[in-house]
Amino acid sequence: MAGIFDLTGRKALVTGGAKGIGAAIVRALDRAGATVAIADLDVMAAQTVIAELSNGGFAVEIDVTKRASVEHAMGQAIEGLGGLDILCANAGVSTMRPAVDITDEEWDFNFDVNARGVFLTNQIATRYFLAEKKPAVIVNTASLAAKVGAPLLAHYSASKFAVFGWTQALARELAPKGIRVNCVCPGFVKTSMQEREIVWEAELRGMTPEAVRAEYVSLTPLGRIEEPEDVADVVVFLASDASRFMTGQGINITGGFRMD
């Protein structure tokens with residue numbers, strides 16, 4: 001990429017970058033010229049992705065639910081990269097169950113990773129950005145479920161609504177410091193997480209997985225299942241100077257399912 005989408009010389013950290021949307025974000029940032037560190041629980045998978053990159057990079061282990069782990073991983077990334085300009089807080093999880101059957105453990109699991117993980121990574125990176133007194137970018141991965149409550153995913157939706165709310169509030173606080181904070185809101189994305197969810201949803205609704213998948217397509221005006229790269233390219237846009245006057249936004253990447 002060139003021009004206003006060029007990230008040459010920028011240093012980025014992507015949490016949950018070993019697979020799915022995260023891995024696509026890592027590859028897209030690399031293509032745009034950034035040097036990328038992946039922070040993931042699965043360091044071996046992260047190293048496999050790093051080996052593909054043109055601009056180098058490295059992998060660090062992280063548990064986004066633990067402050068000490070995030071501080072350690074962030075420190076390793078900043079030292080290894082020689083700084084940090086872009087944080088993509090992408091790590092996320094899901095489980096699926098009717099709201100009346102959600103357990104305390106499932107609620108906590110979704111909130112610990114999806115909401116607390118974004119809080120910790122954003123806060124710790126922000127402290128670094130403020131200390132360095134330099135412009136920076138944070139892109140959080142929210143969800144279509146951050147805009148409209150999703151049946152069978154009430155706890156997941158609640159955690160992603162939290163991500164969107166946090167993103168907007170943090171963006172207002174940090175705008176005077178030249179730090180932009182946005183989030184992406186993907187729809188039905190073809191990942192291993194989606195494959196698990198399709199099986200769960202089929203069982204809970206008495207359908208076949210094929211019927212669930214076909215329903216996802218029918219709900220999407222652009223007429224196909226979303227690819228991780230559809231999300232990753234928008235993240236590059238938000239990380240680049242092309243979006244220099246955008247902050248506090250939750251960008252729908254849903255093939256038209258959500259239009260507001």
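Predicted model: local features only at pLDDT ≥ 70, side-chain atom pairs only at ≥ 80, totals over all residues.

**Exercise 1. Describe the largest pocket: what is its volume, and which residues lie nearest its centre?**

Step 1. Begin with the volume, which is about 1,200 Å³ for the largest pocket.

Step 2. Next, look at the lining: 50 residues line the largest pocket, and V93, S94, Y156, M193 and E197 lie nearest its centre.

Step 3. Trace the lining back to the elements. Those giving two or more residues are helix 1, strand 2 (35–40), helix 4 (104–132), helix 5 (154–174), helix 6 (192–205) and helix 7 (209–218). Helix 6 gives the largest share, seven residues.

Step 4. Sort the lining by class: 26 residues are nonpolar, 14 polar and 10 charged.

**Exercise 2. Find the largest cavity: which residues line it?**

Step 1. Count with a cut-off of 30 Å³ or more, and one cavity is found. The volume of the largest cavity is about 30 Å³.

Step 2. Now pick out the lining of the largest cavity: I25, C88, A89, N90, V139, N140, T141, V184 and V235.

Step 3. Two elements to look for here are strand 4 (86–89) and strand 5 (136–141), which give two or more residues to this lining. Strand 5 provides the largest share, three residues.

Step 4. The lining of the largest cavity holds six nonpolar residues, three polar ones and no charged ones.

**Exercise 3. How do helix 1 and helix 8 pack: at what angle, and how far apart are their axes?**

Step 1. Helix 1 (residues 20–31) and helix 8 (residues 228–239) pack at about 50 degrees, and their axes are 8 Å apart.

Step 2. The two helices are therefore oblique to each other, and their crossing is right-handed.

Step 3. List the contact: G20, I21, A24, I25, A28, L29 and R31 from helix 1 meet P228, E229, V231, A232, D233, V235, V236 and A239 from helix 8.

Step 4. Sorted by class, this contact has 11 nonpolar residues, one polar and three charged.

Terms used
Residues numbered from 1 in each chain as written. Heavy atoms only, no water. 1 Å grid on protein atoms, 1.4 Å probe; cavity = no way out; pocket = protein on both sides within 12 Å on 5 of 7 lines; lining within 4 Å. Points joined across faces, edges and corners; volume = space filled by probe spheres on them. Helix = DSSP H or I, 4+ residues; strand = E, 2+ residues; numbered from the N terminus. Nonpolar A, V, L, I, M, F, W, Y, C, P; charged D, E, K, R; others polar. Axes fitted to C-alpha atoms, helices over the stretch in contact; angles between N-to-C directions. Parallel < 35°, antiparallel > 145°, perpendicular 65-115°, else oblique. Left-handed = near helix turned anticlockwise from the far one by under 90°. Contact = heavy atoms within 4.5 Å.
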